[in-house]
Structure formats: structure tokens, C-alpha cells
Amino acid sequence: MKSSVITFPGSNCDRDMDVALSKFGFKNKMVWHDDNELPKSDLVVLPGGFSYGDYLRCGSMASKSKIMQSVINFAKSGGLVMGICNGFQILVETGLVPGVLLRNKYLEFICKNVYVKVVNKQNPYFKNLDKDILELHIAHNEGNYFCTDDQLKEINENNQIAIYYCDEKGHTEEQHNPNGSLKNIAGIFNKEKNVLGMMPHPERMIDQSLSGEDGSIFFKNLINNLK
Amino acid sequence: MKVSAVITLKKDVLDPQGKVIHQTLDGMGFKDVNEIRQGKYFEIDVKENDPHKAKEIVEEMCKKLLANLVIENYKIIETQ
């Protein structure tokens, strides 16, 4: 399985993602934002970080960079594109997934482990996952998911919500919402479910001695789904 | 020619920064504030000299980059 991780100026989780993808069997290539063409890929990842210093709006500049036209075409032809954290912010700015990510409700940069509940397994990312609740890491200032009422209606009708913030038992009440996200939304799909944007970082949870293994579960399952 | 654009958050979008600024002003003794919404202001010097065309160019910029229309409105407020 081949993957590509795009590096934007200011990306800082690109190498972590490279380590994670390689660890679980992907042949990964790093792709520079100023390139025109994506290498042949089964999965494209937009990594976390602070592309373009978060100028204007997080992800807005990166969403217009050269390589993104190729990423958008890849996504529109059914290719798998996953955006993590800043990558999610870039995805919403391209319009590939609906909504936006606002400043966290209490204006704090949040850096901690959270639990997320996987609600939709009819897609290549979570199909066959044997856990419903994953412990993952978040580190962001703008992760407060928001969309219009019309968008929310469409998101619900098409089952586009991927993961919710929750507690370790899977309760999704407001008190388990770290950043004020609408309906506790932590990750969302496009209509076709080949594009996934999420704030939590699975690539930070791939080593028991450093963090946890729920990211490993996610990546192992993902590559098996793609085989 | 210079054209300015103001980007503001739409009415229903939470503006935590505006809220904190409001609270701080309140603490400083400015008690007459109902609400504060924070926005962005751009001064753009475009090569076009026709005011109508210049405004159109800036409007395109607002739609495509300067504003995110899911949460923001834009207004082109002056031309010189």
C-alpha cells in the first residue's frame, strides 16, 4: 500500500505520520506542497501543524497551495484523503468536507488525551475496527467544529459524522466536549466517505511506552481495509 | 486604487474573542457595551483604476480567500 504525506511550510506532524504509516506497512512518500503531481497513492494524508503560521484562518493558505489541486482531484475520483488536525482545517477550507473549525470555546490551546467514539464503520477508515472507543491525543487551538443548520441536516442525512468526543465509556455529553465542537463532533467525512477530517492525532498513539496503542489499532485496521 | 474589505462573523457564530474583549472592557469600567464581535479589516491596493472593476476584483478575493462564507460575511466599505 502506498501513501503520501504532504508537507506544508509549518507542518510539524508530517514526520510523525511518516513513522506511523511506515510502521504499519505503508510505503510512504513525503510530498512537498509546491509540487504539482501526487505520486501514485492509495492514501493521502494532510498532517497536523501550523501551515503558513495559521495566517488569515487556519488551513486557508495551505488549501490554495499547488499540490492541493492534485489532492482535490484525487479525492473527487474516490481516492482516500485523511486530514489530521491542521490537515482537517485544510480540508474544510478546500470544501472537501463541510463546516469550519473555530477557535476553541474557552480560548485555550488544548493538549491532552481524549476519548472518541467511532459512530460510523461503513467506510474504509473504521470498517472492521474491533473497538468503538479510542483514546487519542488532541493538540489544537482551533478545533471547535461548526457548520450551518443546513449543513448539519445534510451531514446527519448522509451519516457523515465519523467520531464524537466522549468519556472512556462512550458517553457523549457536553462535559466530555473539550473545545465546544457542535454536537461533540471530532471528525467528519465527505458524503462518499473517502475523505476523513479529524482533530485527534492517531499517529501520536502508536507506542505503548510513550503514549498508548489506540493509534496502532487504527492504522493496522486501515491498512488491512485497503489491502 | 485602494479598496477596503471588512470581514465579520455571521450572527449565529460564537465569537469567544469578542466575548472576552467585552468582559475585559467591562472590567475596565466600560459598562455601556451590549456586545462586541471581532472581525478583520483589509486595505488592498489593486492595479485596477476603475472603481467598479476594482471592487469586483476585491469581491472575488473575499469570496475565494479572505472570507470563509460558512461563518463570515464580507463588506467592501470604501474606495479611494
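Among contacts in chain B between residues at least 6 apart in sequence, what percentage join residues at least 24 apart? In this predicted model, the share is 68%, where two residues are in contact if their C-beta atoms, placed from the backbone, lie within 7 Å. Residues are numbered from 1 along each chain as its sequence is written, and chains are lettered from A and ligands numbered from 1 in the order in which they are written. Local features need pLDDT of at least 70 and side-chain atom pairs count only at pLDDT 80 or more, while totals for chains, interfaces and linings use all residues.

Chain B contains three strands and two helices, arranged along the sequence as β-α-β-α-β; helices (H or I, at least four residues) and strands (E, at least two) are DSSP runs, numbered from the N terminus. Chain B is more spread out than a compact globule, because its radius of gyration of 16 Å is well over the 12 Å that the globule rule gives for 80 residues. The radius is taken over C-alpha atoms, and the rule is 2.2 Å times the number of residues to the power 0.38. The C-alpha trace of chain B spans about 45 × 25 × 15 Å along its principal axes. Of its 80 residues, 14% count as buried, that is, with 20 or more other C-beta atoms within 10 Å of their own; residues with 12 or fewer are exposed, those in between are partly exposed, and the C-beta atoms are placed from the backbone.

Twelve residues from chain A and nine residues from chain B form the contact. On the side of chain B that touches chain A, helix H1 (residues 16-27) of chain B supplies the largest share, three residues. This side of chain B comprises seven nonpolar, two polar and no charged residues, with Ala, Val, Leu, Ile, Met, Phe, Trp, Tyr, Cys and Pro taken as nonpolar, Asp, Glu, Lys and Arg as charged, and the others, Gly among them, as polar.

In chain A, helix H3 (residues 86-94) is largely enclosed by the rest of the structure, because nine of its nine residues are buried. Among them are A:Phe88, A:Ile90 and A:Glu93. The cover over the buried residues of H3(A) includes helix H2 (66-76) and strand S4 (80-84) of chain A. Just after H3(A), A:Gly95 takes a positive phi of about 85°.

A:Leu226 lies in helix H5 (residues 214-226) of chain A and is partly exposed, with 16 other C-beta atoms within 10 Å. Not counting residues up to four places away in sequence, A:Leu226 touches A:Met1, A:Asp42, A:Leu43 and A:Pro124.
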